[in-house]
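Subject: Structure for you to look at, with notes

Dear colleague,

I am passing on the structure we spoke about, together with some notes on what I found in it. Please have it open while you read.

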Amino acid sequence: DGRKLDPDPTFTVRPVSACQTMREGVQAFRAALKAARRRLSRAEIVQVREAVRAVARAPTGDDVLPARVCASLRSTYDSLGHDGRLGFLSMLARQFDIDDGAVQRCTSAVDLARSRAAPGPLLAAHAALREALEPPYERVFRMIEQQPDGARFLVSLRADLLGALEGKPIRAAAAAWSDVPARAATAGVSSAHEAGVEPADEVETLEDEVVHWRALDSSLRRRLRSSFEPSRLRLVRVSWDRSPAAMLESIMRNERVHPYAGWSDMRRRLEYPRMVFAFEHPSMPNEPLVFVHVALEQRVPSRLAEVLPPLTTPAAVTPTHADAASAAASATHSSALTVAAPTEAAPPSIGEGAAPSAAGAARPSVIEGEVPSVAVFYTISSPFVGLRGVPLGGLLIKQVTPHSSLLTPHSSLLTPHS
């Protein structure tokens, strides 16, 4: 009849291309999520589950069985590829966490024993509750730590875990999901639900996965702090003549702040009035956990050029001590100064013949006959990503401070420099 109908305010026709844009954003998120949540094959799931259970249930008083099952678990983990190791960590974090049902049963037993005023059953219920509150993966970590070379494996395991938490798959999934609201605005819709897609379950799964992995990381970090507590560490002064070649190579390879220009540069940084100190662990001999470079000066330096040794171009130098026998020698060959401690991608290789830096070339020579009065800590590094969060750097500086002063009795001022 020629009249125009008022549009229904509850119904809006939107272009198909707009909703398609929204769906593409959700599909990108789901693809990134799938990449972030790597899965094991069925055979690998069974193998990993049985290996972890065997370690978690191994008796603590047995000297044979725990070693065998821990070796089997490590072998299983080493046999997995990158994706398989992420699946291993996911299974460890989710399927071997605290059993809420067991905790509730133990809590009920505590309440019952308390109501009956029975000291014996109450103490037993408390003990059962403490055991239930410990995730099985913590028992796995503790059992592995007690094995030879177990600390090294835990450090490597945590490095993989940190890499997964900070890696591209997790970041890509998070970035893809954050892009969904922007695509919704472009499509003219207010939510994914309005566009006909429901990614909420996947978002919760991703966030839940990250939460479990972070809890696993916290537990592993606590275990490593216990493994590398001060009483177990050994302070060594790195020596050109006495330290094993493996230690010198590790320091050269992992010095990231002021990289070495070759063996000659390393030798100069190890000669008085400069020195390098490091921490060792009994289960990881000849491997510096963290190391610090120290330079003794007559005054507080105003620039780095006054700290680093000058770079020259002498004949190629290699460690004279680096024969197989001395490298495998006992701890007496690992330091010129040994003190019992009280109660950060692979860098590029470094070769000889690097061009001298302007800083090194400008450095004045050390005045002979003067006693240094300042100790400068100008770089500190660690080769192990898995030890991030374990407070070794500050402890190393505290331990080194009195010993650099002992080498120079007149030293009265210590200062960081970078």
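This is a predicted model: local features need pLDDT of at least 70, side-chain atom pairs count only at pLDDT 80 or more; totals for chains, interfaces and linings use all residues.

The chain has an average pLDDT of 73, and 63% of the residues score at least 70. Over residues 189-200 the pLDDT is below 50, and this stretch has 22 contacts in the model beyond near neighbours in sequence. Residues 320-366 likewise have a pLDDT under 50, and the model gives them 89 contacts beyond four places in sequence.

On the helices, two packed helices are described by the angle between their axes and the distance between the axes. Helix α2 (residues 42-56) packs with helix α3 (residues 65-79) at an angle of about 150°, the axes being 9 Å apart. Because angles over 145 degrees count as roughly antiparallel, α2 and α3 are roughly antiparallel to each other, and their crossing is left-handed. From α2, the residues that meet α3 are Gln47, Val48, Ala51, Val52, Ala54 and Val55, and their partners in α3 are Val69, Cys70, Leu73 and Thr76. By class, the residues of this contact of α2 with α3 are eight nonpolar, two polar and no charged.

Helix α2 also takes part in a contact with helix α7 (residues 136-145), where the axes come within 8 Å and cross at roughly 75°, and α2 and α7 are therefore roughly perpendicular to each other. Here Val52, Val55 and Ala56 of α2 make the contact with Pro136, Arg139, Val140 and Met143 of α7, a set that divides into six nonpolar, no polar and one charged residues.

The crossing of α5 and α6 is left-handed. The contact draws on Ala102, Val103, Cys106, Thr107, Ala109, Val110, Ala113 and Arg114 of α5, and on Pro121, Leu122, Ala125, His126, Ala128, Leu129 and Ala132 of α6. Sorted by class, the contact of α5 with α6 has 12 nonpolar, two polar and one charged residues.

Helix α11 is mostly covered, with seven of its 10 residues buried, namely Ala245, Met247, Leu248, Ser250, Ile251, Met252 and Asn254. These buried residues of α11 pack against β1 (234-238), α12 (263-270), β2 (274-280), β3 (290-297) and β5 (374-381). Ser250, which lies in helix α11 (residues 245-254), is buried because its relative accessible area is 9%, where buried means under 20%. Apart from its neighbours within four places in sequence, Ser250 is in contact with Pro288 and Pro383.

Helix α12 has seven of its eight residues buried, so it is largely enclosed by the rest of the structure. The buried residues of α12 are Trp263, Ser264, Asp265, Met266, Arg268, Arg269 and Leu270, and they pack against β1, α11, β2, β3 and β5.

With best wishes

Terms used
Residues are numbered from 1 along each chain as its sequence is written. Side-chain values use heavy atoms; hydrogens and water are left out. A crossing is left-handed if the near helix is turned anticlockwise from the far one by less than a right angle, and right-handed if clockwise. Helices (H or I, at least four residues) and strands (E, at least two) are DSSP runs, numbered from the N terminus. Contact means heavy atoms within 4.5 Å. Ala, Val, Leu, Ile, Met, Phe, Trp, Tyr, Cys and Pro count as nonpolar, Asp, Glu, Lys and Arg as charged, and the others, Gly among them, as polar. pLDDT is the predictor's confidence in each residue, from 0 to 100. Axes are lines fitted to C-alpha atoms, for helices over the stretch in contact, and angles run from 0 to 180 degrees between N-to-C directions. Angles under 35 degrees count as roughly parallel, over 145 as roughly antiparallel, 65 to 115 as roughly perpendicular and the rest as oblique. Buried means under 20% relative accessible area, exposed over 50%, partly exposed in between (1.4 Å probe, protein chains only).
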